[in-house]
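Here is a short briefing on a protein and its ligand. Look over the model, then work through the points below.

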Amino acid sequence: MKGKILTLLRASEETISGETLIDKLGITHVSLEAHIATLRDLGYGIEVTPGGYRLTGSPDALYPWEFPTRQSNIHYFEETGSTMDVAKNLAQNGCAHQTVVIAGRQTKGRGRMKRTWQSSDGGLYFTMVLRPSLPPSQCFKANFVASRMLSQTLREKYGVSAMVKWPNDILVDGRKLSGMLAEMETEGSKVSFITIGIGINVNNDPTSVEPNAISLKEILGRDVSRKELLSDFLDAFEARMDDIASHDVIAEWKQHSITLNQKVRIVTTREVSEGVAIDVDANGALLLEQADGTVMTIVYGDCFLI
Ligand code: BTN
């Protein structure tokens with residue numbers, strides 16, 4: 001109902017009478033007043049006059065009703081430990097394909113390689129639950145689609161020169177704007193679900209914890225609507241996933257890559273290696289040519305540009 005009220009208010013620059021709203025929404029006056037009071041408590045500017053109601057401002061809110069086409073699949077928490085854990089729990093309890101768990105902030109945000117992910121107010125933190133019809137060995141493609149479609153969304157919508165760094169970081173001017181974490185649960189030879197968690201520095205300032213990070217706000221010099229960014233990204237990502245069979249996911253990812261033909265240091269849980277990143281193979285692995293000419297295939301690790 002809150003979404004419907006906001007849609008009506010947003011469609012009009014004039015004050016709308018209570019009677020008109022009640023009529024269009026099919027609710028009682030008491031119920032309308034209760035919803036308006038809740039919306040105002042949540043930060044929406046709604047002017048209430050004898051003539052009715054007028055929307056004067058909206059917070060940069062990520063509530064489910066702000067995503068009308070996917071409202072029932074959105075779970076929003078002002079604060080949670082990690083959206084990865086909430087999403088996994090929902091997935092294990094049968095939630096729908098394309099469920100999205102969003103947090104205003106995280107107290108236990110997780111990064112790759114057991115790092116923490118700084119998750120203060122103003123950033124965008126979400127995890128998608130996917131039930132793709134791909135065999136487990138092909139699920140890595142979803143991560144490459146996600147990072148490619150995020151860099152594309154950032155380029156098209158904000159004109160930023162977003163690049164992907166293997167495996168799935170997004171960098172702008174060599175500084176990290178976004179990171180991605182993926183987990184998978186299988187049942188026999190089938191994928192039950194995958195969860196892809198993405199953290200994007202939007203209006204937060206990550207630099208006190210990560211000096212080499214950057215936010216969209218710092219790049220653009222203004223606040224950015226997290227709702228619009230998320231909505232555009234989800235639309236682009238889901239459309240490409242629905243059509244994944246007719247795309248060479250890795251080739252598309254490489255078009256935005258900052259990693260290839262660069263000198264890099266690869267840190268895995270077991271070793272540190274240096275060389276030139278000569279390619280990403282069809283399985284998403286990084287091919288590292290070392291000084292002696294041998295080529296290592298790196299499946300999992302952290303990549304630092306030297
Ligand atoms: C990395 O670059 O190391 C990956 C960072 C992933 C962070 C996101 S924020 C949303 C989701 N919830 C988490 O706890 N982590 C991911």
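**Ligand, core and rings**

Of the 20 residues around the ligand, the nearest are Ser82, Gln106, Arg110, Arg112 and Lys176; "around" means that a heavy atom lies within 4 Å. The model is predicted: local features need pLDDT of at least 70, side-chain atom pairs count only at pLDDT 80 or more, and totals for chains, interfaces and linings use all residues. Residues are numbered from 1 along each chain as its sequence is written, and side-chain values use heavy atoms, leaving out hydrogens and water.

**Ligand contacts**
- A polar side-chain atom of Lys176 is 2.6 Å from a ligand oxygen.
- The side chain of Ser82 has an N or O atom 2.7 Å from an oxygen of the ligand.
- These are polar contacts (N or O atoms within 3.5 Å).

**Nonpolar core**
- The largest nonpolar core has 57 residues, including Phe126, Ile196 and Phe237.
- Such a core is a set of buried Ala, Val, Leu, Ile, Met, Phe, Trp, Tyr and Cys residues joined through side-chain atoms within 4.5 Å.
- Buried means under 20% relative accessible area (1.4 Å probe, protein chains only).
- A second, separate core of 17 residues includes Leu9 and Leu39.

**Aromatic pairs**
- The structure holds 7 aromatic pairs, with ring centres of Phe, Tyr or Trp (its six-membered ring) within 6.5 Å.
- Tyr44 and Tyr63 form a tilted pair, with 6.4 Å between centres and 40 degrees between planes; planes under 30 degrees apart count as stacked, over 60 as edge-to-face and the rest as tilted.
- Tyr44 is buried at 2% relative accessible area, and Tyr63 is buried at 13%.
- Phe140 and Phe144 pair edge-to-face, at 6.1 Å and 85 degrees.

Key
Buried means under 20% relative accessible area, exposed over 50%, partly exposed in between (1.4 Å probe, protein chains only). A polar contact is a pair of N or O atoms within 3.5 Å; within protein, one must be able to donate a hydrogen and the other to accept it, and residues adjacent in sequence count only if both atoms are side-chain atoms.
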